[in-house]
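Subject: Handing over a structure

Dear colleague,

I am passing a structure on to you, together with some notes on what turned up when I went through it. Please look at the sequence and the model first, and then read on.

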Amino acid sequence: MGFLISPSSPAGKWIGFVTAVWVQAISGNNYTFSNYSDALKSLMALTQLELNNLSVAKDVGKAFGILAGLASDRISPAALLLIGSLEGVIGYGVQWLVVSQRINPLPYWQMCIFLCMGGNSTTWMNTAILVTCIRNFRKNRGPVTGILKGYLGLSSAIFTDICTALFNKDPARFLLMLTLVPLAVCLTAVIFLREIPPSSTAAEEKSETRYFGIFNVIAVVIAVYLLIFDITGEHGTTLSRIFCVILLILLAFPILIPAYLAVQNLIRSNLKTLDVESTATETVTEPLLIKQEEEVIASATEEVLEKRAPVIGEEHTMIEALKTVDFWILFTSFLCGVGTGLAVQNNMAQMGLAVGYADVSIFISLTSIWGFFGRIGSGSISEYFMKKAGTPRPIWNAASQILMAVGYVLMAIAMPGSLYIGSIVVGICYGVRLAITVPTASEMFGLKYYGLIYNIIILNLPLGSFLFSGLLAGYLYDTEATPTPGGGNTCIGAHCYRLVFLVMAIVCVVGFVLDVWLAFRTKALYTRIYTNRKSKKAVVAVNGH
């Protein structure tokens, strides 16, 4: 398709977005630890606290995402993708060698290093994808983030279901997939993903919204398809292979959008009777009045902006952002949501075993799939209400925090089926938190240094994993567990995680309060965004007549 597509053409921008979606669909390997954690625990004779600290090491890799943030303004998206995919080959490749017993288990500290490398690999991929796509589609940040983070949420279900269908849940083969598949997909994205000027007319923005709607529909179909596979029980070999083929076709389906645009562009270029004047009129990027007004405003305020600290909504350097109260409210509330969510995802295998489920793959898939619905739904819904009424995005984070607290209470009560309900609720709310925070940060602090600011915010992932998974869940589980012969320990019963869930419910209430506070503090910003959009549409309508 490359001969039809110019990198700067609309088709070129969209094929870049399609490859970005594919990268996100294989970048959620950090959320799949529960699929092979039991194998590591038995091979290395670990206690639960030691196993949880291995998962913390995996998440600590995200702390080094600052390096990806610093590099994002200095090297190309292609270079970021190559670094991340090659690092993932090393990190997950060594884990595969250990779990497949091709080598003896490495010393504990060495395993921590390789899990850290695996965790860090995705920060390079995610930084390349998010920074590039938000800059390319800056007028539709909510849908862009929702779609990308949605596919990221689906990735663990995609990996888990393919492994279940083809490899009978073999943890060694699962790790081999995590080693090789991201490399292959990133090599494809390297060819097409690059920064391209964003849309500059109302017609282009409307066209983008329409195409994002198609992406949303395809993504929902994939999520429902995965959900049906999960809840229909065991499948035979032939049916499982058919499932995988159809899944790959669905994942490839978005390529039809840039293909359609490319063919459309080819037809236009072959028309010899195209009216030059009408073409010139169609390609006017903005009403002249708006351009002149913006140039006057920019020149009049440039000196003032240099002499004062930026306010929320203007471009911030990392240091300037760190000096604001709003940054730390966003940072801390994000910790309350993602930290507790990671604790559930990292400990899902042991949580399931504690209440009598021998196979926990269904809970991992439920968290992933419903996390997708939380991400993709909140991205589009928050964008709609922001454009229609100036509703602050943080209010959606607040709603997710209080719902997550309810989910943890249900899991603490441990009624029949509560782990199913809890997995769904935690998945949705964790997804909302990720999808809302990304565009919120860009709107509060600008896009110029967004790569670095984003990676500072996601320091909450290793920090939350350490606090809630490594310390809280690991320590409290070990106090309830009994030793097993040959090392390690185990705990059976609802009491194993009850206190963990109750503490995390309280933390989510704290996060709710912080999000409500931030919504009030950013109300003026979102009112300004809403008013500016409304004013520009009015000017365009007047000039159109």
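A search of the whole structure, which is a predicted model, finds 9 salt bridges.

**Salt bridges**

One of the salt bridges pairs Lys 13 with Glu 208, and the closest N and O atoms of the two are 3.3 Å apart. Lys 13 belongs to helix H1 (residues 10-25) and Glu 208 to helix H9 (residues 202-231), so this pair ties together parts that lie 195 residues apart in sequence. With a relative accessible area of 9%, Lys 13 is buried, and Glu 208, with a relative accessible area of 3%, is buried as well.

Another salt bridge joins Arg 135 to Asp 73, where the closest N and O atoms are 3.2 Å apart. This pair, too, links distant parts of the chain, with Arg 135 in helix H6 (residues 108-136) and Asp 73 in the loop between helix H4 (65-71) and helix H5 (77-99), 62 residues apart. Are its two partners buried or partly exposed? Arg 135 counts as buried at 10% relative accessibility, because buried means under 20%, whereas Asp 73 is partly exposed, with a relative accessible area of 38%.

Asp 170 and Arg 173 also form a salt bridge, and here the closest N and O atoms are 3.8 Å apart. Asp 170 has a relative accessible area of 26% and is partly exposed, while Arg 173, at 42% relative accessibility, counts as partly exposed too. Besides these pairs, there is one network in which Glu 383, Lys 387, Arg 393 and Glu 443 are joined by salt bridges that share partners.

**Overall make-up**

The protein has 545 residues, of which buried residues make up 55%, and it contains 23 helices and 2 strands.

**Cavities**

How many cavities of 30 Å³ or more are there? The count comes to 3, and the largest cavity holds about 140 Å³ of space. There are 14 residues that line this largest cavity, and the closest to its centre are Tyr 31, Ser 156, Gln 345, Thr 367 and Ser 368. Two or more residues of the lining are given by each of helix H7 (141-167), helix H17 (361-389) and helix H19 (418-445), and the largest share, 5 residues, comes from H17.

**Surface**

The accessible surface of the protein comes to about 22,600 Å², and 69% of this belongs to carbon and sulfur atoms. On that surface there is a nonpolar patch of about 380 Å², which is made by Ile 402, Leu 403, Val 406, Val 509 and Val 513. Helix H18 (394-413) and helix H22 (495-521) each supply at least two residues of this patch, with the largest share, 3 residues, coming from H18. Ile 402, which is found in helix H18, is partly exposed, with a relative accessible area of 36%.

**Two single residues**

Where is Pro 416 placed in the structure? Pro 416 sits in the loop between H18 and H19, and with a relative accessible area of 85% it is exposed, because exposed means over 50%. Although Pro 416 and Val 355 are 61 residues apart along the chain, their C-alpha atoms are separated by 9.4 Å.

Thr 440, by contrast, lies in helix H19 and is buried, with a relative accessible area of 1%. Once its neighbours within four places in sequence are left aside, Thr 440 is in contact with Leu 330, Arg 393, Pro 394 and Tyr 526.

With best regards

Key
Residues are numbered from 1 along each chain as its sequence is written. This is a predicted model: local features need pLDDT of at least 70, side-chain atom pairs count only at pLDDT 80 or more; totals for chains, interfaces and linings use all residues. Side-chain values use heavy atoms; hydrogens and water are left out. Helices (H or I, at least four residues) and strands (E, at least two) are DSSP runs, numbered from the N terminus. Buried means under 20% relative accessible area, exposed over 50%, partly exposed in between (1.4 Å probe, protein chains only). Accessible areas come from the Shrake-Rupley method with a 1.4 Å probe; for residues, only the protein chains shown count as cover. Patches are made of residues with over 30% relative accessible area and no salt bridge: like charges are joined within 9 Å, nonpolar side chains (Val, Leu, Ile, Met, Phe, Trp, Tyr) within 5 Å. A salt bridge is a side-chain nitrogen of Lys or Arg within 4 Å of a carboxyl oxygen of Asp or Glu. On a 1 Å grid over the protein atoms alone, a cavity is a set of points where a 1.4 Å probe fits but cannot get out, and a pocket is an open set with protein on both sides within 12 Å along at least five of seven lines; lining residues have an atom within 4 Å of a point. Grid points are joined across faces, edges and corners, and a volume is the space filled by probe spheres set on the points. Contact means heavy atoms within 4.5 Å.
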